[in-house]
Amino acid sequence: MTGPITPMVRAIDAFDPEDIAIPRALRGGVTTSLILPGSGNIMGGEALYVKLRGKTVGEMAIRNPPRALKMAMGENPKRIHGRKGRQPMSRMGHAWLMRKHLHKARELRNKQKRWQTTGRFEGTPRPNDPALEPLVALLEGKVRLQVHCYEVHDIETLIRVSEEFGFKIAAIHHALEAWKVPKLLKDHGIAVATFSDLWGFKMEAWDASVHGPHLLAKAGVAVAIKTDHPVLDARNLAWEAAKAHHYGLDERAAIAAVTRIPAAAIGLGERLGSIEVGKDADVLLWAKHPFEIGARPARVWVEGVQWWPR
């Protein structure tokens, strides 16, 4: 919370493999997580992909994952930093800081391109700035961007900035007003990771709709259902999907919303999300339909090893 722009920090350096949330999520059938730093920062930092098994960060970290970066729009950065009397105090300041640092990253990228064609042959050092490197990678399409974003006008600002600088948005998270603009999201190929019926806990959640997931899916948007543990307990992820189904989301789409779709949205669709030859053997065994009240996995395998119960 010391500054609004921290794309250079990495979740791997703060991940606690002994966090009680890990076995709790595993008991609910969650085998894999993308750990995103934020959302008190406009640019929060680089994410960590983990399997929820093992005793150390080294054991849990997924080998050779894609890169992912977390950003946040709206009230969280504005409130946290604005009340300290510094930018962003408004959404205007928020957008300016995004542009300012992306512009710096673009300038660095251009210098590196010039060095590639001339400087390296002249023996000059390659231009570099570790604080900007994740943003350069984003501009080059080497980083998947995940964004905390609730309201329509913040979604529009995010897309506007992305078009100005030519980067893609993998998914927006929470996204409780996304149901108002499904075509905008579909046209830009942006997935949505949202809640089934969480509403009203702050101003950004005031226009949430329980029909949001099925309206988005009906329009062709890739919809994932989330819990935001511990706000909603990760052990109840399947129950959150069940509620989305109750409010209109097709049953198969609701199952995909906690399996195949989030796997694709985080860039691991070739490894996770369905039971197929060649994919990770992350498998759940249920004693009853996962959408029945009180249903929990009877057994959980991660990469072919039973981790629940142990």
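Which helix gives the most to the lining of the second largest pocket? I looked this up and found α11, with 4 residues.

**Ground rules**

I am working with a predicted model, in which local features need pLDDT of at least 70 and side-chain atom pairs count only at pLDDT 80 or more, while totals for chains, interfaces and linings use all residues. I number residues from 1 along each chain as its sequence is written, and side-chain values use heavy atoms, with hydrogens and water left out. Helices (H or I, at least four residues) and strands (E, at least two) are DSSP runs, numbered from the N terminus.

**Second largest pocket**

I noted the search terms before the values. On a 1 Å grid over the protein atoms alone, a pocket is an open set of points with protein on both sides within 12 Å along at least five of seven lines, and a cavity is a set of points where a 1.4 Å probe fits but cannot get out. Lining residues have an atom within 4 Å of a point. Grid points are joined across faces, edges and corners, and a volume is the space filled by probe spheres set on the points.

For the second largest pocket I read a volume of about 450 Å³. I counted 22 lining residues, and R144, K168, I169, A170 and G189 lie nearest the pocket centre. At least two lining residues each come from α5 (133–139), β5 (143–149) and α11 (260–265).

**Largest cavity**

How many cavities of 30 Å³ or more does the whole structure hold? My search found 1. About 50 Å³ of space lies in the largest cavity. I list its lining as A175, L176, W179, T194, F195, S209, G212, P213 and L216. Helix α8 (residues 212–218) supplies the largest share of that lining, 3 residues. In this lining I find 6 nonpolar residues, 3 polar ones and no charged ones.

**Six-stranded sheet**

I traced an open sheet of 6 strands in the order β2-β4-β5-β6-β7-β8, with mixed pairing. Its edge strands, each pairing on one side only, are β2 (43–46) and β8 (223–225). Neighbouring strands of this sheet are turned by 20 degrees against each other on average, direction ignored. Such angles run from 0 to 180 degrees between N-to-C directions, and the axes are lines fitted to C-alpha atoms, for helices over the stretch in contact. Two strands pair if DSSP finds at least two bridges between them.

I followed β5 to both of its partners. β4 and β5 pair in the parallel sense over 6 bridges, and R67 stands opposite V143 in β5. With strand β6 (residues 171–174), β5 pairs in the parallel sense over 4 bridges, and V147 stands opposite I172. Further along, strand β7 (residues 191–194) and β8 pair in the parallel sense over 3 bridges. There I found A224 in β8 as the bridge partner of A193.

Is β5 mostly covered or mostly open? I find β5 mostly covered, with 6 of its 7 residues buried; buried means under 20% relative accessible area, exposed over 50%, partly exposed in between (1.4 Å probe, protein chains only).

**Helix α3**

I checked helix α3 (residues 75–82) in the same way, and 6 of its 8 residues are buried. These are N76, P77, K78, I80, H81 and G82. What covers them includes β4 (67–72), α4 (91–122) and β5. Contact here means heavy atoms within 4.5 Å.

**Three-stranded sheet**

I traced another open sheet, of 3 strands in the order β9-β10-β11, with antiparallel pairing. The edge strands β9 (283–286) and β11 (305–308) each pair on one side only. Here neighbouring strands are turned by 30 degrees against each other on average, direction ignored. Strand β10 (residues 297–302) and β11 pair over 3 bridges in the antiparallel sense, and V300 stands opposite W308 in β11.

**A11**

I placed A11 in the segment before α1 (21–27). A11 is buried, with a relative accessible area of 8%. Leaving aside neighbours within four places in sequence, I found A11 in contact with I35, P37, E46, A47 and L48. A11 and P262 are 251 residues apart in sequence and 19 Å apart in space, C-alpha to C-alpha.

Conventions: Nonpolar A, V, L, I, M, F, W, Y, C, P; charged D, E, K, R; others polar.
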